[in-house]
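Me: Got the file open here. Can you walk me through what holds this thing together, starting with the aromatics?

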Amino acid sequence: MTLYEIINKLLTIAGNKPNINFVGEGDIYELNHIPNIEYSVFYITQSNTTIEKGITTYSLNLFYVDRIVDGADNHLLIQSNGIDAITNIINELVLTEDVDIEGDVVFTSFYQRFADDCAGVYAKVNIVTENNIGICSFE
């Protein structure tokens, strides 16, 4: 799978989840410019891509962001829901596509002011897929 295909598949999977109302890819701080965003948000940022003979590894950051309810202390619930949501999205990708996850999926919790006061988590994930680089032979 290509980078384009993986990102679009992740966005499609996330967009079909009942509690995710906005999906996107690019600069996470673009959320600051969307004043009427419907939470919760699934967002992807790219890290790096490594190509070796036979495999390509795409390093991505997968974000789950939700609004902190005024007067409530719901950040821990948001972060817990985010870990579950991202885990389910990754699992669905691995079950439906010819990809694997390399190494651990590391979650980091955060508080952040976007268009609203928000909390969430992001996961660093390495997605491995086959490629045909270096496979050809000469006779």
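Predicted model: local features only at pLDDT ≥ 70, side-chain atom pairs only at ≥ 80, totals over all residues.

Me: How far apart are the ring centres of Phe-63 and Phe-110, and at what angle do the planes sit?

Reply: The centres are 6.2 Å apart and the planes are at 65°, so Phe-63 and Phe-110 form an edge-to-face pair. The cut-off for that label is over 60 degrees.

Me: Where do those two sit in the chain?

Reply: Phe-63 is in strand E3 and Phe-110 is in strand E4 (residues 100-113), 47 residues apart, so the pair links distant parts of the chain.

Me: Phe-63 and Phe-110, buried or exposed?

Reply: Phe-63 is buried, with a relative accessible area of 10%. Phe-110 is buried too, at 14%.

Me: And which residues do the ring pairs link into a cluster?

Reply: Phe-63, Phe-110 and Tyr-122.

Me: OK, switching to the largest nonpolar core. Which residues touch the most other members?

Reply: There are 26 residues in it, and the ones touching the most other members are Leu-10, Phe-42, Ile-44, Leu-60, Leu-62, Ile-86 and Ile-127. H1, E2, E3, H2 and E5 are the elements that each give two or more residues to this core. Apart from it there's another core of twelve residues, including Leu-31, Phe-63, Phe-114 and Ala-115.

Me: What is Leu-10 in contact with, leaving aside neighbours within four places in sequence?

Reply: Phe-42, Ile-44, Leu-60, Leu-62, Ile-89, Leu-93 and Ile-127.

Me: Tell me about helix H1 then. Which of its residues are buried?

Reply: Ile-6, Ile-7, Leu-10, Leu-11, Ile-13 and Ala-14. They span an arc of only 165° around the axis, so they lie on the same side of H1. Their cover includes strand E1 (22-25), strand E2 (41-52), strand E3 (55-67), helix H2 (75-96) and E5.

Me: What about the length of H1?

Reply: H1 runs over residues 3-15, which is 13 residues, and reaches 18 Å from first C-alpha to last, close to the 18 Å expected at 1.5 Å a residue.

Me: Last one, a polar residue. Where is Asn-131, and what does its side chain make a polar contact with?

Reply: Asn-131 is in the segment after strand E5 (117-130). Its side chain makes a polar contact with the side chain of Thr-56, at 2.7 Å.

Me: Is Asn-131 buried or exposed?

Reply: Buried, since the relative accessible area of Asn-131 is 17% and the cut-off is under 20%. Leaving aside neighbours within four places in sequence, Asn-131 is in contact with Ile-51, Glu-52, Lys-53, Gly-54, Ile-55 and Thr-56.

Conventions:
Residues numbered from 1 in each chain as written. Heavy atoms only, no water. Helix = DSSP H or I, 4+ residues; strand = E, 2+ residues; numbered from the N terminus. Buried < 20%, exposed > 50% of the residue type's maximum accessible area, 1.4 Å probe, protein only. Polar contact = N/O pair within 3.5 Å; in protein donor to acceptor, adjacent residues only side chain to side chain. Contact = heavy atoms within 4.5 Å. Expected span 1.5 Å × (residues − 1). Arc of directions from axis to C-beta. Phe/Tyr/Trp six-rings, centres within 6.5 Å; stacked < 30°, edge-to-face > 60°. Core = buried A, V, L, I, M, F, W, Y, C linked by side-chain atoms within 4.5 Å.
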